[in-house]
2 protein chains.
Amino acid sequence: MPNRKVVQPITLSVIKTACSNCNLQELCLPLGLSHEEVEKLDELVSTRRRLKRGEHLYRAGEAFSAIYAVRSGFFKTDVLLEDGREQVTGFQMTGELLGLDGISTELHSCNSVALEDSEVCTIPFSHLEGLSREIQTLQHHFHKVMSREIVRDHGVMMLLGTMRAEERLAAFLLNLSQRFTARGYSPAEFYLRMTREEIGSYLGLKLETVSRAFSRFQEEGLIAVQQKHVRILNTPGLKRLMNHHSHG
Amino acid sequence: MPNRKVVQPITLSVIKTACSNCNLQELCLPLGLSHEEVEKLDELVSTRRRLKRGEHLYRAGEAFSAIYAVRSGFFKTDVLLEDGREQVTGFQMTGELLGLDGISTELHSCNSVALEDSEVCTIPFSHLEGLSREIQTLQHHFHKVMSREIVRDHGVMMLLGTMRAEERLAAFLLNLSQRFTARGYSPAEFYLRMTREEIGSYLGLKLETVSRAFSRFQEEGLIAVQQKHVRILNTPGLKRLMNHHSHG
DNA sequence: CGCACACGTTGACTTGGATCAAAGGGGCTC
DNA sequence: GAGCCCCTTTGATCCAAGTCAACGTGTGCG
């Protein structure tokens, strides 16, 4: 066993970057692929990259060459206007893809920042297109992922365009809950990785409004919240909040 | 040459649906393809469909099987919430694609309505994927189109999340102007195909607010507006409007 | 281990855009 | 070509969320 390393030197990093022994297959690009197909993906997903909290994965304006799959950690993407206004356009967790915005102009159009120490798999885009031409399942799945991003964005537009503050926060919490559930975590209890200001930016609200809405939910027994620790006590109550009152 | 028609009967409808003699090539899917490649596309874009004003191209919940390219006319897409709230998610003009939202779940996730008598080319999606595996240029261009849609949505999120009413309308008018220009129309003078209410829905505003903003722009000499007819008098003025004042 | 600083909460006041209301204007139909 | 209905404009009032301010709190750094 020890001399196997000598004959066929498999470095730790190579083992680590293989899709075929990654437990995120069902959430990530390999979804629906056969074992042989996933092995082809292995060659493509060449490198991992570790990021510390606060570090940028990419910045708006940089050349685009790869998309990234979140292997561990938590990210935000944001867009900046010349006058300094910032809008958080999304939060990404394990298995989700980053960088799709860059395909269009071959320049990244937003910033991607790690909200905690994280790790991503780098997927060189031209290789992905090449393999997509060979593996129909991969091609179709990739198209679905892009389309899902468009649908998600429409949901956010709906939220920003028609919902009041408390509805927005309820929608946000329910969405997080659902995504944590899909990853095997508790649907009811989680730590927020982002600040009130970042939540506000995503929801089109000021941080004070976010904070007040949290407090209100707590008063009403919908959630228990202390700083970044959230526990959902009444999911149906939160859902009900979203489906009533028309926009003020 | 004349008997070629007898041997291989080319009906008018076949001629009509061919990408290879469509003047929208530079705006639409065929962009960047060689003549031979465009001829392959011809087989794929099998049918056209005419829609009268107000008619739905597809509705949320319907099965997805094709995307559509706007051949002529003008569309809106919208999403509805259970409680009746509506959000217009986009306006589409010639050469733009409709239906990308349906790929993700194989169900359309929004409604698409013609705002004037219109015509679309139907592109069966499985055929498009097939041809994308053969023609790299087509594949890449299609990915760019999807990515562009994501970037556009981020722009709308920014608008809805951080801009005040007048900035939103200025951004909207400048965007229309730019898209009309790309189609060979006047950058400064155009007819809106949508109502104040639809503009408001897209911009997250009430129709009265849209109307007041139009009036204000007119008072300030930025535009001349009468009903749906708009003339932009001061483009730099409109641009300046967008880059100042932080969100109230 | 303690101090600093970023983050979060809460209160008082302001305001931009929503709401309610009412009165033109255009264009399509019959 | 008359009438109707939808679209649009404009005014008066209201309210949700923003702003400004001051005070907690937790955490990470030296």
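Predicted model: local features only at pLDDT ≥ 70, side-chain atom pairs only at ≥ 80, totals over all residues.

Visitor: Which domains does the assignment give for chain A?

Guide: Domain bounds come from an automatic or database domain assignment. For chain A, domain 1 covers 4-158 and domain 2 covers 164-243. Their C-alpha centres lie 26 Å apart.

Visitor: How many residues of domain 1 of chain A are in contact with domain 2 of chain A?

Guide: Contact means heavy atoms within 4.5 Å. Here 17 residues of domain 1 of chain A touch 12 residues of domain 2 of chain A.

Visitor: What area is buried between domain 1 and domain 2 of chain A?

Guide: The size of an interface is often given as the accessible area lost when the parts come together. Buried area is the accessible area (1.4 Å probe) that two parts lose on being put together, summed over both. Between these two domains of chain A it is about 1,300 Å², with 58% from carbon and sulfur atoms. On the side of domain 1 of chain A, A:Phe74, A:Phe91 and A:Met93 supply 42% of the area buried against domain 2 of chain A, more than any other three residues.

Visitor: How many salt bridges are counted between domain 1 and domain 2 of chain A?

Guide: A salt bridge is a side-chain nitrogen of Lys or Arg within 4 Å of a carboxyl oxygen of Asp or Glu. The count between these domains of chain A is four. The side chains of A:Glu96 and A:Arg179 form a salt bridge at 2.9 Å, N to O.

Visitor: How many residues does each chain bring to the contact of chain A and chain B?

Guide: Chain A brings 49 residues and chain B brings 49 residues. Together the two chains bury about 4,600 Å², 59% of it on carbon and sulfur atoms. In chain A, A:Arg85, A:Arg133 and A:Met157 lose the most area to chain B, together 16% of what that side buries.

Visitor: How many salt bridges are counted between chain A and chain B?

Guide: The count is four. B:Arg85 and A:Glu167 meet through their side chains in a salt bridge of 2.6 Å, N to O.

Methods: Residues numbered from 1 in each chain as written. Chains lettered and ligands numbered in written order. Heavy atoms only, no water.
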